[in-house]
Amino acid sequence: MIIRQIHVTPVAFKDPPLLNAAGVHEPWALRTIVELVTDEGLTGLGETYGDLGHLSKVRECAQALVGLDVHHTNQMYARVAATVGDAVSDLHGLTGVATKEKSIDRVFSPFEVACLDIRGKAAGVPVVDLLGGRVRDAVPYSAYLFYKWAGHPGQEPDRFGEALDPAGIVEQAALFIKEHGFTSIKLKGGVFPPDEEIEAIRALHEAFPGVPLRLDPNAAWSIETSVRVGRELEGALEYLEDPTPDIPGMAEVAARVPMPLATNMCVVTPEHLPEAIAAGAIDVLLLDHHYWGGLQRSAQVAALCGTFGLELSMHSNSHLGISLAAMTHLAAATPNLTHACDTHTPWQDGQDVVAPGALRFEGGAVPVPSGTGLGVELDRDALAVMHEQYRKCGVTARDDTTYMRRFQPGFTARRPRW
Ligand SMILES: O=C([O-])[C@@H](O)[C@@H](O)[C@H](O)[C@@H](O)C(=O)[O-]
Ligand SMILES: [Mg+2]
């Protein structure tokens, strides 16, 4: 099964003004769709970030991978590593430091996912079976809440409404639970002074008793603030995610707060694991195949976490259905992924490059798609529309901070901020 063609298509889709420690989401979110075509006419799909620097590397690598067999992912990885070189991308800072190793893993990931899609189709099995088979039939996701404005400045309000205080956050949670059936909740914090976010968690705890809650300020707090907030929220959180920057800071907080700490910021490549484990900095790692080098490498990281007693959850950035399918196959095959995964899917409000039907939420969980490979098909009309949006939207790289400064010129994304 030799790769004969690779198509790389950047797309843009509408995104609401979601607030975070870096600023606010722009009106358009970007992704890149990768299609591999083999000599036998099979196609495989992958999805990755859409920022221009990353897109250029994905395009360069696409040329370098034509002619390889879809089974030879080690060879592919070596070619991607040689092509990416020392380039580092991922500069918004919400997924931790950018390293050379992580950049290679980020570029490699969509090609690996597309190879697995093809291998599953050729073998007549779903991708989950290539990862060891399912340990669950449906993957639970959490309601991923964001503080947000009613709409982008100068535009009509969106249907999700404003959420700038505890009442708005509770209302948003109720909407997400009504529409998707979620049974756990994550609040993106690091937006308002910590006491306001404590109040929001308390309001959620009261409104949804027994529902597991997490709070993620993306390292916006100092060690002392993190310890204070952690102690005040004793009994209210399933885990606290990235309260403070870096492994030593997280280790100090972990030793002084009652709940587990989770991360998608201080441990983002394999080289971070030994230090974090030795320091006791984290209890839960958020896997993300988009930057952990695809599905098989993520499965290896998951096994390593099992060995060292770390629990697993899953991280997300704004994404489309190819990613949701890949995340679902990975999580379905990972025994120690015991926390509900994050997804931004509800915020996309039905916009997608995959044909409807294969992916759906039932009781807050996505059943593993039933077809072979990833089990999703590209909707070529939707792809064309979203590519056109990409060409016209004027956004070439995610930059929440610069967009925020248009409306709040003094805004700082300094971490820690409080
Ligand atoms: O979409 C966002 O604004 C999130 O803040 C995202 O970029 C983070 O990477 C993420 O979801 C997280 O858990 O840190
Ligand atoms: Mg996080």
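# Briefing: loops, domains and core of a predicted model

D246 sits in the loop between β10 (239–241) and α8 (247–256); helices (H or I, at least four residues) and strands (E, at least two) are DSSP runs numbered from the N terminus. The structure is a predicted model, in which local features need pLDDT of at least 70 and side-chain atom pairs count only at pLDDT 80 or more, while totals for chains, interfaces and linings use all residues. Residues are numbered from 1 along each chain as its sequence is written, and chains are lettered from A and ligands numbered from 1 in the order in which they are written.

**Backbone features in loops**

- D246 has a positive phi of about 70° although it is not a glycine.
- With 17 other C-beta atoms within 10 Å, D246 is partly exposed; a residue is buried if 20 or more other C-beta atoms lie within 10 Å of its own, exposed if 12 or fewer, and partly exposed in between, with C-beta atoms placed from the backbone.
- N218 is another residue other than glycine with a positive phi, near 50°, and its place is in the loop between β9 (213–216) and α7 (223–232).
- N218 counts as buried because it has 25 C-beta neighbours inside 10 Å.
- The peptide bond from R415 to P416 is cis, with omega near -5°, and P416 lies in the segment after α14 (400–407).

**K148 and its surroundings**

- K148 belongs to the loop between β7 (143–146) and α5 (166–180), and it counts as buried because 25 C-beta neighbours lie inside 10 Å.
- Although K148 and P17 are 131 residues apart in sequence, their C-alpha atoms are 5.7 Å apart in space.
- Leaving aside residues up to four places away in sequence, K148 touches P16, P17, L18, L19, F160, E162 and A163; two residues are in contact if their C-beta atoms, placed from the backbone, lie within 7 Å.

- The contact takes 41 residues from domain 1 and 44 residues from domain 2.
- On the side of domain 1 that touches domain 2, α3 gives the most, with 11 residues.
- The residues of that side divide into 23 nonpolar, 8 polar and 10 charged; Ala, Val, Leu, Ile, Met, Phe, Trp, Tyr, Cys and Pro count as nonpolar, Asp, Glu, Lys and Arg as charged, and the others, Gly among them, as polar.

**The largest nonpolar core**

- The largest nonpolar core has 123 residues, and those with the most contacts inside it are I282, L285 and I322; such a core is a set of buried Ala, Val, Leu, Ile, Met, Phe, Trp, Tyr and Cys residues joined through C-beta atoms within 7 Å.
- Helix α3 (residues 100–123) gives the most to this core, with 9 residues.
- At least three residues of this core come from each of domain 1 and domain 2.
- Residues up to four places away in sequence not being counted, I282 touches M250, A254, L261, A262, T263, V267, A276 and L310.

**Ligand 1**

- Of the 13 residues around ligand 1, N20, L94, T95, D216 and N317 come nearest; a residue is near a molecule if its C-beta atom, placed from the backbone, lies within 6 Å of it.
- The shell around ligand 1 has 2 nonpolar, 8 polar and 3 charged residues.
- This shell draws at least three residues from each of domain 1 and domain 2.

Methods
Domains from an automatic or database assignment.
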